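Student: Could we go through the spaces in this protein together? I'd like to take the pockets, the ligand and the cavities in turn.
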Amino acid sequence: MNVELTMTIDGGPSRGSEQFAVENPATGKAFAKAPDCTREELDQAVAAARRAAPAWAVRPIHERRQMLGALAGALAENVDELMRLLTMEQGKPHGDAQADILGGAHWLAETAKLDLPEHVSEDSDERLAVTRHLPIGVVAAIVPWNFPVLLAMFKVAPALLAGNTLVLKPAPTTPLTTLRVGELFRSVLPAGVLNVISGSDRLGPWLTSHEGVDKVSFTGSTETGRKVMASAAPTLKRLTLELGGNDAAIVLPDVNVEEVAEQLFWAAFRNTGQICIATKRMYVHKDVYEPLKEALVAYAKSVKVGDGAEQGTQIGPLQNRAQYQRVLELIDDARENGYQFLVGGESAKVPGYFVPITILDNPPEDARIVREEQFGPVLPLMQFDSVEDVISRANATEYGLGASVWSGDVDQAQTIGRMLQAGTVWINESQHLSPLASFGGHKQSGIGIEGGQEGLLEFTIPQTMFVRRRAAQS
Ligand code: NAD
């Protein structure tokens with residue numbers, strides 16, 4: 001396939017003077033090239049965003065809102081083309097690719113309904129005191145490879161609504177769909193308001209340390225998040241960091257095993273387990289451990305793993321070679337330590353980055369697969385017998401992104417949920433997010449919020465104006 005996509009800089013196409021190869025993870029073979037943005041091209045993108053910033057900032061919010069609606073429309077109208085491209089570079093099944101893109105459209109349309117509040121702290125004969133939320137300026141938006149379109153729109157929608165301009169950078173292994181989205185958005189937005197650049201590993205650090213960038217909105221691993229924070233320090237850039245997770249699911253003895261098994265399976269394995277808020281550790285009460293274990297294994301055996309472009313595929317490959325090797329390393333570690341595999345654990349023996357669905361039977365709490373974020377289709381299933389014990393095990397991690405509690409008693413589940421150190425807790429469901437609700441990590445899962453009013457305000461800077469009503473000399 002001959003895919004030639006361009007960066008969007010200052011409202012126009014940029015082929016880039018250098019290129020890098022993009023692989024299809026279902027084959028492990030390169031199928032396209034993307035521009036490898038040079039420093040000079042990055043400077044052009046940042047300069048274009050800076051030039052566009054003043055006019056965009058003063059544009060009435062209802063006009064920015066309308067444009068977000070038009071961007072949502074552009075994604076929805078082109079969903080088939082974008083879906084095919086996304087599956088090819090990301091690996092996810094077509095249905096999931098479609099959900100990624102339409103999820104992005106939904107995020108744009110719903111974020112457009114938010115408003116920027118004004119707070120009047122004094123309204124007297126003497127003085128009016130009002131705090132407004134102004135745009136910050138140029139935002140660098142950096143996105144990982146698991147949900148390239150949706151996670152980009154988590155940033156694009158509120159940043160634009162708040163009146164900022166952007167330089168958006170997808171991950172090096174999934175640049176294509178985002179480049180195409182940039183092309184489609186050109187006809188909606190004024191030049192320079194949204195610049196889309198792609199590049200190899202060198203580009204992220206250049207962008208986060210660029211003097212022309214006022215804020216970095218970053219989604220990715222905790223390890224990289226620390227580097228981003230350090231590189232933003234010299235110019236004190238504003239930061240939002242959405243980082244890794246090691247979410248626990250806690251399954252209480254009063255669940256209906258038949259009903260929850262399938263949902264619990266997908267909580268862990270959707271998108272091949274490559275979701276920041278996937279269930280990465282499953283704690284099951286000893287009274288239901290055996291039946292739930294059997295139900296999960298039986299369901300796992302019924303799921304079709306394969307090329308996301310093939311009809312009927314439910315789980316695709318891992319997205320890239322580095323992630324594939326990391327997941328295989330965790331499986332090897334489990335095997336070397338003698339942990340029991342209920343299903344999986346062997347090599348897929350096919351081209352591409354496929355790892356069979358793998359479930360481990362009660363590995364110890366200090367196992368790497370329990371302590372580390374696997375970000376792949378490998379789930380440790382563990383037993384507990386007291387609520388106090390499971391809460392302390394669930395909280396014994398540097399991460400604090402999400403958690404879920406599964407129970408017939410919703411009140412008890414909420415009581416447990418309030419004791420979990422996580423930015424989002426789900427009761428009897430998982431992974432649901434809303435453009436109108438706050439989403440963010442506790443502990444080392446992040447700093448700041450995406451979504452809702454709080455997420456919008458992260459793209460603003462407050463300004464308080466005191467207006468004296470009686471002239472000073474009178
Ligand atoms: P990553 O940290 O390797 O890369 C993320 C992005 O950062 C990519 O665009 C990459 O090119 C860029 N990058 C890499 N090094 C950089 C540097 N030094 N400076 C600036 N940018 C740099 O993460 P990944 O492997 O692509 O994604 C998986 C991770 O993302 C997992 O840990 C997952 O939990 C996390 N994640 C978090 C959320 C969330 O909302 N909290 C959502 C999705 C994924």
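Student: Which helices each supply at least two residues of the lining of the second largest pocket?
Tutor: Those are α4 (94–111) and α5 (148–161), where helices (H or I, at least four residues) and strands (E, at least two) are DSSP runs numbered from the N terminus. Please keep in mind that this is a predicted model, in which local features need pLDDT of at least 70 and side-chain atom pairs count only at pLDDT 80 or more, while totals for chains, interfaces and linings use all residues. Residues are numbered from 1 along each chain as its sequence is written, and side-chain values use heavy atoms, with hydrogens and water left out.

Student: Which helix gives the most to that second largest pocket's lining?
Tutor: That is α4, with six residues.

Student: And what counts as a pocket or a cavity here?
Tutor: On a 1 Å grid over the protein atoms alone, a cavity is a set of points where a 1.4 Å probe fits but cannot get out, whereas a pocket is an open set with protein on both sides within 12 Å along at least five of seven lines; lining residues have an atom within 4 Å of a point.

Student: How much space lies in the second largest pocket, and which residues are closest to its centre?
Tutor: About 380 Å³ lies in the second largest pocket, a volume being the space filled by probe spheres set on the grid points, which are joined across faces, edges and corners. It is lined by 20 residues, and Phe147, Leu150, Arg270, Gln431 and Leu433 are the closest to its centre.

Student: Switching to the ligand, where does it sit?
Tutor: The space that the ligand takes is the largest pocket, and a molecule counts as sitting in a pocket or cavity if more than half of its atoms lie within 2 Å of the grid points.

Student: What lies 2.8 Å from an oxygen atom of the ligand?
Tutor: A polar side-chain atom of lysine 169 does, and an N or O atom in the side chain of glutamate 373 is 2.6 Å from an oxygen atom of the ligand. A polar backbone atom of proline 205 is 3.5 Å from a nitrogen atom of the ligand; a polar contact is a pair of N or O atoms within 3.5 Å.

Student: What about the largest pocket itself, how much space lies in it?
Tutor: About 1300 Å³ lies in the largest pocket, and of its 39 lining residues Trp145, Phe218, Gly220, Ser221 and Thr224 are the closest to its centre. The largest share of that lining, seven residues, comes from α8, and the lining as a whole divides into 16 nonpolar, 14 polar and nine charged residues.

Student: How many cavities are there of 30 Å³ or more?
Tutor: The count comes to five. The largest cavity holds about 90 Å³ of space, and among its 16 lining residues Arg281, Ala394, Gly402, Gln421 and Ala422 are the closest to its centre.

Student: Which elements each supply at least two residues to the largest cavity's lining?
Tutor: They are β12 (247–251), α13 (387–395) and β17 (402–406).

Methods: Polar contact = N/O pair within 3.5 Å; in protein donor to acceptor, adjacent residues only side chain to side chain. Nonpolar A, V, L, I, M, F, W, Y, C, P; charged D, E, K, R; others polar.
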